[in-house]
Amino acid sequence: MKREQMNMNIGVSPAYITSRYGELFSFDDLCICIKKAAAQGFTGLQLEVFRNENMRIYTSERVKKIKELYKSLNLKLPQFIAHFLGPELASLKKTRKERALETFKNIVQISKDLGTQIIDLPPSIPPELEFDDSLLARPLGAYRKRVIIPNNISWNEIWEDYVNTIKRCIEIVEDASMLLAIEPLPRTIVSNSDAALRLIDSVSSKSLGVCLDTGNLFVQKEILPLTIEKLGCRILSTHLSDNDGQKLMKWAPGKGVIDWREVIKALLKVSYNGSFDLEILGEGVRFPDKEYLDGKKYLEEIIKDEKM
């Protein structure tokens, strides 16, 4: 892909919604944010089921209304995120996993009806392990509670079970002619780019890729341009945020210490042609509207320079 062909699609992740209304937002809240994203000049807005309670939003009637609203505003849906299924699909309990796979089928159908091609699946760890995931917002290594792995559970068992689960997810996704993006998260089964590549190799499907979350990977001490080089064509989508490399924060690009020019250069080099989606929320984000517009302007200027 030549440089001049690189798009300027800058959208937003579901954090655009949750930064305003919290995780349990309503259908009306969602519609307000869809209209607002379009009015602010964003080209797309990702959608998400962060908690099981969010499923109530996506009835067949409302899905039609959401799709019509997107179309009327010329807004794209880069991907749909099944966040709440992470722990369920990572569970080592067969009945719990089977229920999650049935729910995943519903998520795939909803996503297809909405008009997106990509399902984003953030990983987790088996809920059978005792672990406090609230630690994700603390500096790496700042454990305050014990992480307990039962004697009857081994890492090989955890990994093999998860690989088999993702293989089954891929079968569901491929039946719908869609793609699955794993989003590496700190302190999960797939916590970095190398784990993502290992999973991709183990599953062995062209339908499996990665959602590149710069905030997550940078706080894992990854060299982002090298990470992008490694992942290459497997990058299906993005969550773009900045931080200080110490805490998992989600600041606007340019507010932390990530070298964004090199990140954009690397994405250009591997011919990434998806949407550049901002993910800004949490500590240090006092005025979401301003932060999102600042981040948009910052990336637009860099992309424009690199195209030239």
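**Aromatic pairs and charges over rings**

Tutor: Both F42 and Y292 are buried, where buried means under 20% relative accessible area, exposed over 50% and partly exposed in between (1.4 Å probe, protein chains only). This is a predicted model, in which local features need pLDDT of at least 70, side-chain atom pairs count only at pLDDT 80 or more, and totals for chains, interfaces and linings use all residues. Residues are numbered from 1 along each chain as its sequence is written, and side-chain values use heavy atoms, with hydrogens and water left out.

Student: Why is the pair of F42 and Y292 edge-to-face?

Tutor: Rings of Phe, Tyr and Trp (its six-membered ring) pair if their centres lie within 6.5 Å; planes under 30 degrees apart count as stacked, over 60 as edge-to-face and the rest as tilted. The centres of F42 and Y292 are 6.4 Å apart and the planes are at 90°, so the pair is edge-to-face.

Student: Which ring joins F42 and Y292 in a cluster?

Tutor: Ring pairs link three residues into this cluster. Besides F42 and Y292, the member is Y16.

Student: What is the relative accessible area of F276?

Tutor: F276 forms an edge-to-face pair with Y272, at 5.5 Å centre to centre and 85° between the planes. Y272 is buried at 4%. F276 is buried too, and its relative accessible area is 0%.

Student: Which residue has its charged end over the ring of Y16?

Tutor: A charge sits over a ring if NZ of Lys or CZ of Arg is within 6 Å of the ring centre and within 35 degrees of the ring normal. The distance to the centre of the Y16 ring is 4.0 Å, and the residue is R20.
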